[in-house]
Amino acid sequence: MALTGRQRPPSDHAFSPHDAVLRSAAPHVARRRFLTVTAAAALLAFSTNRPARGATAAPELDAARITDNPFTLGVASGDPLPDSVLLWTRLAPQPFAEDGGLGQQRVVVFWEVAIDEWFSFVEHQGVATAHPEYAHSVHVDVKGLMPDSEYYYRFRVGAWISPVGRTRTAPAAGSDTDGMRLAAVACQAYQDGYYTAYRHLSQEDVHVVFHLGDYLYEYAVDSAGGARRYTDRKLPDVFNRETATLADYRLRYALYKTDPDLQAAHAQHPFVVTWDDHEVENNYAGAVDEKGGAQDQFLVRRAAAYRAYWENQPLRAEQLPQGPDARLYRRLAWGSLAQFDILDTRQYRTDQAYNDRPHAPGPESDDPARTLTGDAQERWLLDGWRSSNALWKVMPQQVCFSQRKFDLTAPARVSMDAWDGYRASRDRVMAGAKAAGVANWMVLTGDVHVGYAFDIKENFDDPASKTLGTEFTCTSIASGGDGTERPSDWETYMKANPHMKYFDGRRGYVRVELGQENAQVDFRTVSAITKPGGTISTTASFVTEVGSPGLKSA
């Protein structure tokens, strides 16, 4: 979630040799904005320890010597295409050790894909290498799969066999598809509570889960796991500090991924992931950190965070960072039914206006040169709409797109971190949607730790203006603790924003069913997360009809 102001607690870190390499690259990165983007990215990428080949490659570890379960972080799949899906795992027999317990040796990993969960009919199999340079993560892009099909997968290292994962492929490009079901999730601060929502999500019948950012938080986690209040374990001190180095980020992912509920959700559904701010640092903007410090040093930190993100997510090689840069925005499709334009609203944005504090729109925030997406991503988005025949145009992204006034008095304050702080950028996207004839537009949003349902209005200050689409914020998995049904600002927000049709402050996720005639959106809400065992219920359902955008209660 976007926190106001630019405050950051000090931290003291022990640096690994890999982090020392990153630090040594900092003087070169200081010049990177004066180099071509390619040269600058290549410069830092060269300095961040890619796997070597041939005689200089890391020695191979005899898998028979691995005496502890190497699959402590689970398995995952992601980014389904009609003929392929990405499979992931990361080997860590000692997940809270900096090297995962495998040292600097590479490990041979066998993988299988079957059409049944007992692996009686194995259709694809192969061998991958878990490199120490990539924290012994494995990314297998399995090709030659059948469209619109369910598969099961697993990994093997020596005598150890991973948990079984379930995944699926997308329908054939342009094919007729009656419907699809998805879930949207975001914001899972480990220290704020249990991942109960993921346990329930693992039991849902959905095709894909979209993670909209804040998969990891940089903040310290104490020995009791914060609000989890562990009594059966004590977390090591390595987590009780803010993440800043590559070793820090890798370890923090290890902590998050040891959670059994998160593992269950990943094993059951393919994920499509994108980041927000906390995967690096609260409210960073492009190359500008939270406190507006030296950009060269921050870019080194960003390179470490981006590297660890790729290592710990089911992402293809195309998303592998080049130093402090990574092409995370991308496009997926579900037959002719839906096109998904997954955005990155952190990496390319202009710095927040008015010192990133709630403020009424003004000359600084409304400067037409300001951008949330960057020019290249904006053109990519609008060009993709113009060339698409998909029925639904779905835009999974991070921060609140619709106008959200904080006050009943004028001029009302708005968030400078959300699209309200970049109104010219939002206007260009809305104009592009209209020009492309986008009739069924849905925006999926994370960040705010509450559930909202909005009508996207041509003029947010005129309730009678045309409705261009709908937006749903998926609340949070854990961030913010248990929450409350009606937060203290509920009445103000509902009155100040007539296009806001729903507001709930509790934890959970959004479930969406896209069809040929309409889409139904259900807000799935968990009773509590600060203790395990919370129940789930549907607290609101909305329908938006094909060709007639706007929210109706289901």
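Me: Why is Gln-313 called buried?

Reply: In this predicted model, Gln-313 has a relative accessibility of 0%, and buried means under 20% relative accessible area, so Gln-313 counts as buried.

Me: Where is Gln-313 found, and which residues is Gln-313 in contact with, leaving aside its neighbours within four places in sequence?

Reply: Gln-313 is found in the loop between helix 6 and strand 12 (330–334). With neighbours within four places in sequence left aside, the residues in contact with Gln-313 are Trp-88, His-139, Tyr-215, Tyr-253, Lys-257 and Val-273.

Me: What makes Val-394 buried?

Reply: The relative accessible area of Val-394 is 1%, and the cut-off for buried is under 20%, so Val-394 is buried. Val-394 has its place in strand 14 (residues 392–396), and, leaving aside neighbours within four places in sequence, Val-394 is in contact with Gln-339, Phe-340, Asp-341, Met-442, Leu-444 and Leu-514.

Me: How far apart are Val-394 and Ala-333 in sequence and in space?

Reply: In sequence Val-394 and Ala-333 are 61 residues apart, while in space they are 9.7 Å apart, taken from C-alpha to C-alpha.

Me: Which residues have the most contacts inside the largest nonpolar core?

Reply: They are Tyr-198, Phe-340, Met-442, Leu-444, Phe-472 and Leu-514, in a core that has 81 residues. Helix 6 (residues 295–311) gives the largest share of this core, seven residues. Apart from this core lies another one, of 32 residues, among them Leu-372, Ala-433, Ile-456 and Phe-460.

Me: Which residues is Met-442 in contact with, leaving aside its neighbours within four places in sequence?

Reply: Among the residues in contact with Met-442, once neighbours within four places in sequence are left aside, are Lys-393, Val-394, Met-395, Phe-472, Leu-514 and Thr-544.

Me: How do you know whether helix 7 is roughly parallel or roughly antiparallel to helix 8?

Reply: The axes of helix 7 (residues 375–386) and helix 8 (residues 423–435) come within 9 Å and cross at roughly 15°. Angles under 35 degrees count as roughly parallel, and therefore helix 7 is roughly parallel to helix 8. The crossing of these two helices is right-handed.

Me: Which residues of helix 7 meet which residues of helix 8?

Reply: From helix 7, Glu-378, Leu-381, Leu-382 and Trp-385 meet Ser-425, Arg-428, Val-429, Gly-432 and Ala-433 of helix 8. Sorted by class, the contact of helix 7 with helix 8 has five nonpolar, two polar and two charged residues.

Definitions and conventions. Residues numbered from 1 in each chain as written. Predicted model: local features only at pLDDT ≥ 70, side-chain atom pairs only at ≥ 80, totals over all residues. Heavy atoms only, no water. Core = buried A, V, L, I, M, F, W, Y, C linked by side-chain atoms within 4.5 Å. Buried < 20%, exposed > 50% of the residue type's maximum accessible area, 1.4 Å probe, protein only. Contact = heavy atoms within 4.5 Å. Axes fitted to C-alpha atoms, helices over the stretch in contact; angles between N-to-C directions. Parallel < 35°, antiparallel > 145°, perpendicular 65-115°, else oblique. Left-handed = near helix turned anticlockwise from the far one by under 90°. Nonpolar A, V, L, I, M, F, W, Y, C, P; charged D, E, K, R; others polar.
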